[in-house]
Amino acid sequence: QVAGKVHNIFVTHLGNDGPIVQQEAILEEVGDLENVIAIGDFNFRPDTEQYQLTVERLEDAWLSKWPQGIDDQGLNPTDRIDHVFISPGTIIEDARYLTTPESDHPALMVEITW
């Protein structure tokens with residue numbers, strides 16, 4: 001709860017290729033909840049059925065901040081599998097994909113304002 005408002009936060013790490021049955025289960029839990037933040041290594045890319053199913057209900061925080069898919073540094077992570085999905089209307093102050101040698105893919109950092 002922040003400033004008297006309940007936020008529903010989900011954290012996940014789906015199996016290889018982000019099995020759709022796993023993502024469907026997450027979306028079932030999300031249901032009609034408000035103020036949702038779903039964070040994790042979803043193991044699916046934006047060009048997949050799992051992603052399309054998710055953005056029917058929630059917004060992609062990366063695209064909320066960078067609608068063209070490219071940040072102010074010129075980064076265009078088309079193969080991204082870490083995502084932050086948010087309820088419509090959530091304000092994203094910043095979103096950055098971080099590349100480090102400790103991971104096999106970029107991690108997403110998002111700053112949310114309430």
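Visitor: Which residues make up the largest nonpolar core?

Guide: In this predicted model, that core has twelve residues in all: I37, A61, W62, W66, V84, I86, I92, A95, Y97, L108, V110 and I112.

Visitor: Which helices and strands each supply at least two residues of this core?

Guide: Helix α3 (61-65) does, and so do the strands β4, β5 (91-98) and β6 (107-113). There is also a second, separate core of eleven residues, with I26, V30, A38 and F44 among them.

Visitor: What does W62 touch, leaving aside residues up to four places away in sequence?

Guide: The contacts of W62 are G69, D71, L75, P77, R80, A95, R96, Y97 and L108. Of these, A95, Y97 and L108 also belong to the largest core.

Visitor: Now the helices. Why do residues three or four places apart in an α-helix point the same way?

Guide: An α-helix has 3.6 residues a turn, so residues at that spacing point the same way. Take helix α1, residues 20-30, where Q23, I26, L27 and V30 are buried. They lie on the same side of α1, because the arc they cover around the axis is only 95°.

Visitor: What do the buried residues of α1 pack against?

Guide: Their packing partners are β1, β2 and α2 (49-55).

Visitor: Which exposed residues does the face turned away from the buried side carry?

Guide: That face of α1 carries V21, E28 and E29. Just after the helix comes G31, whose phi is positive, at about 50°.

Visitor: In what order do the strands of the open sheet run?

Guide: The order is β1-β2-β4-β3, four strands with mixed pairing. An edge strand pairs on one side only, and here the edge strands are β1 (8-13) and β3 (59-60).

Visitor: In what sense do β2 and β4 pair, and over how many bridges?

Guide: Strand β2, residues 36-41, and strand β4, residues 82-86, are antiparallel and pair over five bridges.

Visitor: Last, a loop residue. Where is Q68 found, and is Q68 buried or exposed?

Guide: Q68 sits in the loop between α3 and β4. A residue counts as exposed when its relative accessible area is over 50%. Q68 has 69%, so Q68 is exposed.

Visitor: What separation is there between the C-alpha atoms of Q68 and A38?

Guide: Those two atoms are 21 Å apart, while the residues are 30 places apart along the chain. A38 is one of the residues of the second core.

How values were computed: Residues are numbered from 1 along each chain as its sequence is written. This is a predicted model: local features need pLDDT of at least 70, side-chain atom pairs count only at pLDDT 80 or more; totals for chains, interfaces and linings use all residues. Side-chain values use heavy atoms; hydrogens and water are left out. Two strands pair if DSSP finds at least two bridges between them. A nonpolar core is a set of buried Ala, Val, Leu, Ile, Met, Phe, Trp, Tyr and Cys residues joined through side-chain atoms within 4.5 Å. Buried means under 20% relative accessible area, exposed over 50%, partly exposed in between (1.4 Å probe, protein chains only). Contact means heavy atoms within 4.5 Å. The arc is that of the directions from the helix axis to the C-beta atoms.
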